[in-house]
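Hi there,

Here is the structure I promised to pass on to you. Please open it beside this email, and then read on for what turned up in it.

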Amino acid sequence: MFYFEEINGYKVLKSDFGVNAGLNHCFTTRNVEISDFYPNNFYLSPQQTHSDHVEIVDERFEYPDTDGLIIAQKNIPIALRFADCTPLIFYDIKNEIGAISHAGWRGTAQKIGVKTVQKMEQNFNTRPQDIIAIIGPAIG
C-alpha cells in the first residue's frame, strides 16, 4: 500500500510493501534532494543514460552509463531519478540483496528488469521466487 508521509518538511510517497523484509524506500518530487534525508551520509547516484546497464555496488563511487544498481551491503542510500520513467525495486528476501532499476522506454525495451534479476541470480544465487518486486509510480 502506498501512502504519503512528511519527512523533514517534504511530502514523500512511501510504501509499506517490503518493510518487514528490510526494504525501505520512498519516492519524492524533483524539488527534493536525497541529501535532505541523509545530510551526513554519502549516497550513490549513478549516471543514468536510459540504458540496460546494471552494476553491483562495490567500493567505487561512480557508476557511469548505469541505470540499475544491485546492493549487497546494508544501509547504503541509493538515489535514482525517474521523471516519467518507471522505478523497479527488487529485494531478495533470502540473501538480503536489493536492486533498483530505472526503466525508461529504452531500458524496458532492452529488458533492464529481467537483466537486473538475472545479474542477481548469477552473482548472488538469487531465486526469482524469493524476490519482492515493487513497481514505483510512473507517468502512465
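A salt bridge here is a side-chain nitrogen of Lys or Arg within 4 Å of a carboxyl oxygen of Asp or Glu. Before going further, please note that this is a predicted model, in which local features need pLDDT of at least 70 and side-chain atom pairs count only at pLDDT 80 or more, while totals for chains, interfaces and linings use all residues. Residues are numbered from 1 along each chain as its sequence is written, and side-chain values use heavy atoms, with hydrogens and water left out.

Back to that pair. Is aspartate 130 buried or exposed? With 8% relative accessibility, aspartate 130 counts as buried, while arginine 127, at 41%, counts as partly exposed. (Buried means under 20% relative accessible area, exposed over 50%, and partly exposed in between, using a 1.4 Å probe and protein chains only.) You will find aspartate 130 in the loop between H2 and E8. Helices (H or I, at least four residues) and strands (E, at least two) are DSSP runs, numbered from the N terminus. Leaving aside neighbours within four places in sequence, aspartate 130 is in contact (heavy atoms within 4.5 Å) with Tyr91, Asp92, Ile93 and Lys94.

By the rule above, the count comes to 4 salt bridges. Another one joins the side chains of aspartate 52 and lysine 115, at 2.3 Å from N to O. Aspartate 52 sits in the loop between strand E3 (26–27) and E4, and lysine 115 in helix H2, so this pair ties together parts that are 63 residues apart in sequence. Aspartate 52 counts as partly exposed at 21% relative accessibility, and lysine 115 counts as partly exposed at 33%.

Arginine 60 forms a salt bridge with glutamate 55, where the closest N and O atoms are 2.9 Å apart. Here arginine 60 is partly exposed, at 30% relative accessibility, whereas glutamate 55 counts as buried at 18%. Glu55, Asp58 and Arg60 are linked in a network of salt bridges.

Now for the sheet. In what order do the 5 strands of the open sheet come? The order is E4-E5-E7-E6-E8, with mixed pairing; two strands pair if DSSP finds at least two bridges between them. At the edges are strand E4 (54–56) and strand E8 (131–135), each pairing on one side only. From one strand to the next, the twist averages 15°.

You can follow the pairings across the sheet:

- E4 and E5 pair in the parallel sense over 3 bridges, and valine 54 stands opposite glycine 68 in E5.
- E5 and E7 run antiparallel and are joined by 4 bridges, with isoleucine 71 opposite glycine 98 in E7.
- E6 (residues 86–92) and E8 also run antiparallel, joined by 5 bridges, and leucine 88 faces isoleucine 135 in E8.

Take a look at E5 while you are there: Gly68 and Ile70 point one way, Leu69 and Ile71 point the other way, and all are buried.

Finally, helix H2 (residues 112–124) lies across E4, strand E5 (68–71), E6, strand E7 (97–103) and E8, running at about 155° to E7. For that angle, axes are lines fitted to C-alpha atoms, for helices over the stretch in contact, and angles run from 0 to 180 degrees between N-to-C directions.

Happy exploring!
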